[in-house]
Amino acid sequence: MAFQTKLNEAIQQKAKCELGEDEDRREQVIQIIRQWLIQQPHLHQIRLDDYSIVCFARGCKYSLEKIKNKIDLMFTLRTALPEFFSGWDPMKPEIQAALACGSFLPLPDYDQHGRKVIVMRPGCYDPYRFKPEDIEKASFMISEIMVLDDEQMFVTGMVIIYDCQGYTLNHLTQRPLSLTKKHMYYLQSAPLSPKTINFIRTNSVFQTAYNVMSTMVNEKMKQRLRVHGSNLESLYQEVDQKVLPKDFGGEGISLEKLTDYWKQKVEEKREFLIESENNWRVDESRRPGKAKTTQDIFGIEGSFRKLNVD
């Protein structure tokens, strides 16, 4: 059965004009990638459905080589980053507590350009009570569930808002630098990179953290960084005010209600998340040529290579 898109006509037209997508091309790519996966011994237990392949294809603008490289890279990273992608049981007490913090909150509505808007809150938790790894796991679990239900973002893109309220020097010092480097590496490796990253409600500690983070991204990503500080009017020029949470002067639901919503969504998908952790792994012992180690990917003592952003 052919893949059935749920995109409205306007977004389908956008996919056609900007990505060269039509039904025939979708089906052709799905079949080619399915055959390619079968031929990759180290990816033998990866089971991508048609929807997932189409998401990769859109994120890679239907370049077959980019799609193959991105699929291999994504699952290689998931295997190499247990601090992000293991222990995916949302009912574990530490994950329950992390989910209740609301560190990663996709908004229900799209902005004026049809883009997905995601609020990230690095200062929302007590750095002495929570392990940053658990906060990361909760965030990536929410991201996983978001992608399941959001076909449009792979055509229109996404924007990130970093809400820095509550962020302190303790958040910065209690978080290993290697963890931040790995997070930024993964963000730049993903099939969909953010159109802009917007920092709001910043404080005196922010500049130090921003300077550190800026060393971990390539020049193209640096051009997408926007620091609005306390000037929310500046943010509104980038992201439609109406779709933002009430906490940011918008008309959307509050951060508190968003936190409850996503916590419940993740709990409802518990079985899927546990299966994802177990099944979406690369078998490095079967990789043609040399197996990839964590050191191969991330370098020595965190000296990461920089990535090109599409």
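Tutor: Start with a term: buried means under 20% relative accessible area, exposed over 50%, and partly exposed in between (1.4 Å probe, protein chains only). Helices (H or I, at least four residues) are DSSP runs, numbered from the N terminus. This is a predicted model: local features need pLDDT of at least 70, side-chain atom pairs count only at pLDDT 80 or more, and totals for chains, interfaces and linings use all residues. Residues are numbered from 1 along each chain as its sequence is written, and side-chain values use heavy atoms, without hydrogens and water.

Student: Which residues are buried in helix α15?
Tutor: Leu 273, Ser 276 and Glu 277 are buried in α15, residues 270-279. They span an arc of only 95° around the axis, so they sit on the same side of α15. That arc uses the directions from the helix axis to the C-beta atoms.

Student: What do the buried residues of α15 pack against?
Tutor: Contact means heavy atoms within 4.5 Å. The partners are α4 (64-80), α5 (82-85), α7 (132-148) and α14 (255-268).

Student: How is a pair of aromatic rings described?
Tutor: By the distance of the centres and the angle of the planes. Rings of Phe, Tyr and Trp (its six-membered ring) pair if their centres lie within 6.5 Å; planes under 30 degrees apart count as stacked, over 60 as edge-to-face, the rest as tilted. The whole structure has 15 aromatic pairs. Tyr 125 and Phe 130 are edge-to-face, 6.2 Å centre to centre with 80° between the planes.

How values were computed: Helix = DSSP H or I, 4+ residues; strand = E, 2+ residues; numbered from the N terminus.
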